[in-house]
Amino acid sequence: MRLLLPLLLLAPACPAVASETLSAVIAVTKDEAYRSSRVDWPRVEAEAAAVERAEGEDAAVQFVVRALGDRHTWYESPTASRPPAPAPTPSAAPTAPAAPQPIAVALPAAQGVPVLQINAWSGKDSTAAASSVRNALIASLEQPACGLVLDFSSNEGGNMWPMLVGLAPLLSEGRLGGFRSAKGDDTEIAYRGGKITLGGGEHFLNASMTLTPQRLPRYVAFVIGKETASSGEITSIMFRGQANVRYFGTPTAGYSTANATIPLPNGGRLMLTTAATLDRNGNAYETVLAPDVQTDHPIQDAATWVNSQCKKR
């Protein structure tokens, strides 16, 4: 998940370990990991050194990752970063690559309420992804409707910004939430003047959002579940506390923290949890996002709620 810029590893080598990579991992996790203060670092450093001597560098790095206990940090070894090419099979018929899953898909309406599914997305062209979400939102709201169901139940994460910027017209103005580091520093995410901002500066994806829906729903129902993870959770949290929003389904996967991608000296990468996610009311999320209504029929129950609210008006 690309939420923060990669951190530079300029820390001095740790005297208790042999490899440059393990030294760097210990240094950056001690300084930047969200759960760093909960770790017995003298013990972890000594045991990591022993693991490295007995089992090798990768095992030692994994030991440090487990010591953090945050579930969202992970290590990608150089082998995993550069998988070997498969052996050629001339006799086998070529297989067409699977088409990528669209980030936004209009589902059949439920009880007359439009349903827009927002899927996980990771890729290079975030501008196109954000535009895809915005265009799908506009299409979903072309017909008069009092509400909208956003289905995040299968959204496993990736890059949150195309999701959030694409759906921005549904947000109320002001602070949406943000990230809180281990040192207690907050980075605000807001929606002001029709633009998503991060830390007070406009997000670059705003520039590509030239179209907005002609009409907006009065009520928005989120569908979440156990497969809603990482950026799927964080995007959903940015709507938490908004007066016209309600959540249906089951608790999410519990990876709602923010990660930084850290290149390592051995060619691998560390995906390090550096911050908890905040909602607009300042509540911090380190694990699951729980629904307002727990249900095994979330889309139907969400549509029922939307229609009931609309009838009240």
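This is a predicted model: local features need pLDDT of at least 70, side-chain atom pairs count only at pLDDT 80 or more; totals for chains, interfaces and linings use all residues.
Colleague: Why is Ser77 called buried?

Modeller: Its relative accessible area is 14%. Buried means under 20%, so Ser77 is buried.

Colleague: Where is Ser77 found, and what is it in contact with?

Modeller: Ser77 is in the loop between strand S1 (74-76) and helix H4 (78-81). Leave aside neighbours within four places in sequence, and Ser77 is in contact with Asp58 and Gly268.

Colleague: What makes the pair Cys146 and Cys310 a disulfide?

Modeller: The S to S distance is 1.9 Å. The cut-off is within 2.5 Å, so this pair counts as a disulfide. By that rule the count comes to 1 disulfide.

Colleague: Which parts does the pair tie together?

Modeller: Cys146 lies in the loop between H5 and S4, and Cys310 in helix H8 (residues 298-312). So the pair ties together parts that are 164 residues apart in sequence.

Colleague: Why is the disulfide of Cys146 and Cys310 called left-handed?

Modeller: The torsion about its S-S bond is about -100°, so the disulfide is left-handed.

Colleague: Is Cys310 buried or exposed?

Modeller: Its relative accessible area is 16%. That falls under 20%, so Cys310 is buried.

Colleague: How do you know that the span of helix H5 is close to the expected one?

Modeller: H5 (residues 126-140) has 15 residues. From first C-alpha to last, H5 reaches 21 Å, close to the 21 Å expected at 1.5 Å a residue.

Colleague: What do the buried residues of H5 pack against?

Modeller: They pack against strands S2 (104-110), S3 (113-118) and S4 (147-151), and helix H6 (160-166). Among the buried residues of H5 are Ala129, Val133, Leu137 and Ile138.

Note on methods: Residues are numbered from 1 along each chain as its sequence is written. Side-chain values use heavy atoms; hydrogens and water are left out. Helices (H or I, at least four residues) and strands (E, at least two) are DSSP runs, numbered from the N terminus. Buried means under 20% relative accessible area, exposed over 50%, partly exposed in between (1.4 Å probe, protein chains only). Contact means heavy atoms within 4.5 Å. The expected span of a helix is 1.5 Å times one less than its number of residues.
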